[in-house]
Amino acid sequence: MPPGPSALALVFILYLASGWLGATLTVMPEGLAILWLPNAVVLAALIRFQAARYAALAATAMVAEIAVGWGRLPLPESALTGLVNIGEATLAYALLRRWKFDPRFAAPADLAKFVLAGPLLAALAAAFAGGAIYSAFTSTETSYLEFVRIWWFGDGLGLLILTPLLLGFRPFGAADQAPAPAWRAADAAVAAAPAGLAGRRGDR
C-alpha cells in the first residue's frame, strides 16, 4: 500500500523533529551535526512502502530539510543538502532491495546487509558529496576530508540507531508481514540516549 497523507505527515514530523535535534543539540561550530537522524526516517519509509510514491516521499523530506535549515542555512545549501540526504536513503534502500534484505532482521545476514548498505556505503557516498557542499558554503579551516569524516560518522550513526527502531514501530512495520510490535521501554531508552548525551555535551 502506498503512503497516504497521514503517513507523509508522519514522515515530515519525524524528519523535522529529528533534524531539529541534530541541528540544535549535536551541531559543531562548523555547522555539521555529529548525529543526523532524519535519513533514517526516509530509509524506514522507503523500506515500509517499498518506494511507492517515491516522489511524494522525496518532496516531503525536502520540505522538512528546508524547514530544519530555515534561518540557519542559505536556501541553496539546504536544498543541496536535502538532495544528498534523500540520495543517501535511496542508495541504501536500492542496495538492501537488491540484496533481499529482510526488515525484520530475521537472520544475522540481514544485520550485516543493513550495516553495509546504510551506515557504511550509502553514508560514505553521501559524505563525499556533503563534504563538498560544506566546503563550498562554509568559511572555515576545516578540511574537506574532515567534513567527509564528520558527515559519514553523523549519518552512519543516525541510520544505525534509528532505522531499526522505526522498522519496529507500527506505522513503519514492513508490509506483507506480521504486525510489528509496539515500542518497548528499552527501545525508547535507546532512542533517547543520543539526545541525553548530546544535551550533556552541550552543557560543557
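## Helix α1

Buried means under 20% relative accessible area. In this predicted model, that label applies to a set of residues in α1: Ala7, Leu8, Val11, Tyr15, Ser18, Gly19, Leu21, Gly22 and Ala23.

Helix α1 covers residues 5–25, 21 residues in total. From first C-alpha to last, α1 reaches 30 Å. That is close to the 30 Å expected at 1.5 Å a residue.

## Ser78 in helix α4

Helix α4 takes in residues 75–98, and Ser78 is one of them. Is Ser78 buried or exposed? Its relative accessibility is 1%, so Ser78 counts as buried. The cut-off for buried is under 20%.

Which residues does Ser78 touch, leaving aside neighbours within four places in sequence? Ser78 is in contact with Glu65, Ile66, Gly69 and Leu73.

## A nonpolar surface patch

Helix α5, residues 108–137, supplies the largest share of it, three residues.

Leu120 lies in helix α5. Leu120 has 38% relative accessibility and therefore counts as partly exposed. Partly exposed is the range between buried, under 20%, and exposed, over 50%.

## Confidence

The average pLDDT for the protein is 85. Of the residues, 83% score at least 70.

Residues 175–204 have a pLDDT below 50. In the model, this stretch has 32 contacts beyond near neighbours in sequence.

Terms used: Residues are numbered from 1 along each chain as its sequence is written. This is a predicted model: local features need pLDDT of at least 70, side-chain atom pairs count only at pLDDT 80 or more; totals for chains, interfaces and linings use all residues. Side-chain values use heavy atoms; hydrogens and water are left out. Helices (H or I, at least four residues) and strands (E, at least two) are DSSP runs, numbered from the N terminus. Buried means under 20% relative accessible area, exposed over 50%, partly exposed in between (1.4 Å probe, protein chains only). pLDDT is the predictor's confidence in each residue, from 0 to 100. Contact means heavy atoms within 4.5 Å. The expected span of a helix is 1.5 Å times one less than its number of residues.
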